[in-house]
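This report describes selected features of one protein structure, shown below. It considers a helix, the strands, the aromatic contacts and a few backbone details in turn.

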Amino acid sequence: MREAGMDRFGVTAGLRRSLRLLLAAALAAPAAAPAAGDFEARLGALSGYWLAQPDTASQARVLRITNVILAEPDSVVLAGLYGPPAPVLPEARDITARLEGGRIMLDVVAADGAVVSLSHTAAGRLQGTQKHRDGTVSQLSFSAASLVQFHRFVAENPRPQARAGRGARIELVYIGADDCAMCRAWEAGHLGPRGKLESWAEWQRLRFTVVKLATLKAAFRVEDVPERLRPVFQAMIADGPRIQGVPAFVLLVNDALRAHALGPAAFATLIDPALRAAVREQRAAERT
């Protein structure tokens, strides 16, 4: 039998009043702001490669977020690269993430001073605008990408000076060593009458230059390449790309660097697509 004032769940009237007061107080209290650690954890979804392909290839952009530099309660400073697709992406001057209405906002200052404002949408994209140094504004919509997708994007969206037009000189420079097992495996699979490259119908359009180091342990020197290519490699190294092992690959279009890579895997995902894209560009120019 229940005592007087007790409901069927065994809760007294006084206790019910106390529970109602506690619930009202909880509903009236402002929601707790997300902790800096929670905000930083959400930023993990932004790490990696982001690709934007606008209507014109010249406006294609790549964003790569690498790591967190400084985390504060209401903003996080990030490190990363930003710019047009290129063999070497420039470091962004500044990347700052903040929360606005529960959504992550990114403010990017590019190496050339352009200002980019992006919002991370519910669909998982980064959308916003880029204000260029001349004051013009363009719309941007980035999608997340894997390393393989990033490589293909760079391969197919070259800088204007590395695009292959009519009569362009497309040259692949291969740097290897006879005591390098990976080099021998790549050569066996790509060179010779049955190799993936030499059996390609468009192979005759390419100039193929082989540079062999005395040993895979030897450091690459500009003097290792033919004399005609030394100014090209000197300029390339001055801009950042370096040959740091074998097998290495450098793709040139009219002596302009289009792509470079180290190892068979990067050849497959970057150099080979860039080679084929350059040949397609050249053939398209010849048809016009």
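At which residue does helix α6 bend, and which proline follows within four residues? The model examined here is predicted. In this model, helix α6 bends by about 30° at Ile271, and the proline that follows within four residues is Pro273.

Strands of a sheet pair through backbone hydrogen bonds, either parallel or antiparallel. Strand β4 (residues 94-100) runs antiparallel to strand β5 (residues 103-109), and 7 bridges join them. Within this pairing, Asp94 stands opposite Val109 of β5. Strand β5 is also joined to strand β6 (residues 115-120), again antiparallel, by 5 bridges. Here Asp107 has Ser117 in β6 as its bridge partner. A glycine with positive phi is found in each of the two hairpins, as tabulated below.

| Hairpin | Residues between the strands | Glycine | Phi |
|---|---|---|---|
| β4 and β5 | 2 residues | Gly101 | near 60° |
| β5 and β6 | 5 residues | Gly113 | near 95° |

Strand β9 (residues 170-177) pairs with β11 in the antiparallel sense over 6 bridges, and Glu171 stands opposite Leu252 of β11.

The structure contains 10 aromatic pairs. In one of them, the rings of Trp186 and Phe249 have centres 4.9 Å apart and planes at 55°, so the pair is classed as tilted. Because Trp186 belongs to helix α4 (residues 181-190) and Phe249 to strand β11 (residues 248-253), this pair ties together parts that are 63 residues apart in sequence. Both Trp186 and Phe249 are buried.

Phe220 and Phe233 form another tilted pair, at 5.9 Å centre to centre and with 45° between the planes. Phe220 lies in the loop between β10 (206-213) and α5 (230-239), whereas Phe233 lies in helix α5; the two are 13 residues apart. Phe220 and Phe233 are both buried.

Trp186 and Phe249 also belong to one aromatic cluster, together with Tyr174, Trp203, Phe208 and Phe267. A contact of another kind involves Trp200: Arg276 lies over the face of this ring, at 4.4 Å from the ring centre.

Pro247 is found in the loop between α5 and β11. The peptide bond from Val246 to Pro247 is cis, with omega near -5°.

The loop between β11 and β12 contains Asn254 and Asp255. Asn254 has a positive phi of about 55° although it is not a glycine. Asp255, likewise a residue other than glycine, has a positive phi near 70°.

Conventions
Residues numbered from 1 in each chain as written. Predicted model: local features only at pLDDT ≥ 70, side-chain atom pairs only at ≥ 80, totals over all residues. Heavy atoms only, no water. Pairing = 2+ DSSP bridges. Bend = angle between axes of the 7 residues up to and from the residue. Phe/Tyr/Trp six-rings, centres within 6.5 Å; stacked < 30°, edge-to-face > 60°. Buried < 20%, exposed > 50% of the residue type's maximum accessible area, 1.4 Å probe, protein only. Lys NZ or Arg CZ within 6 Å of the ring centre and 35° of its normal.
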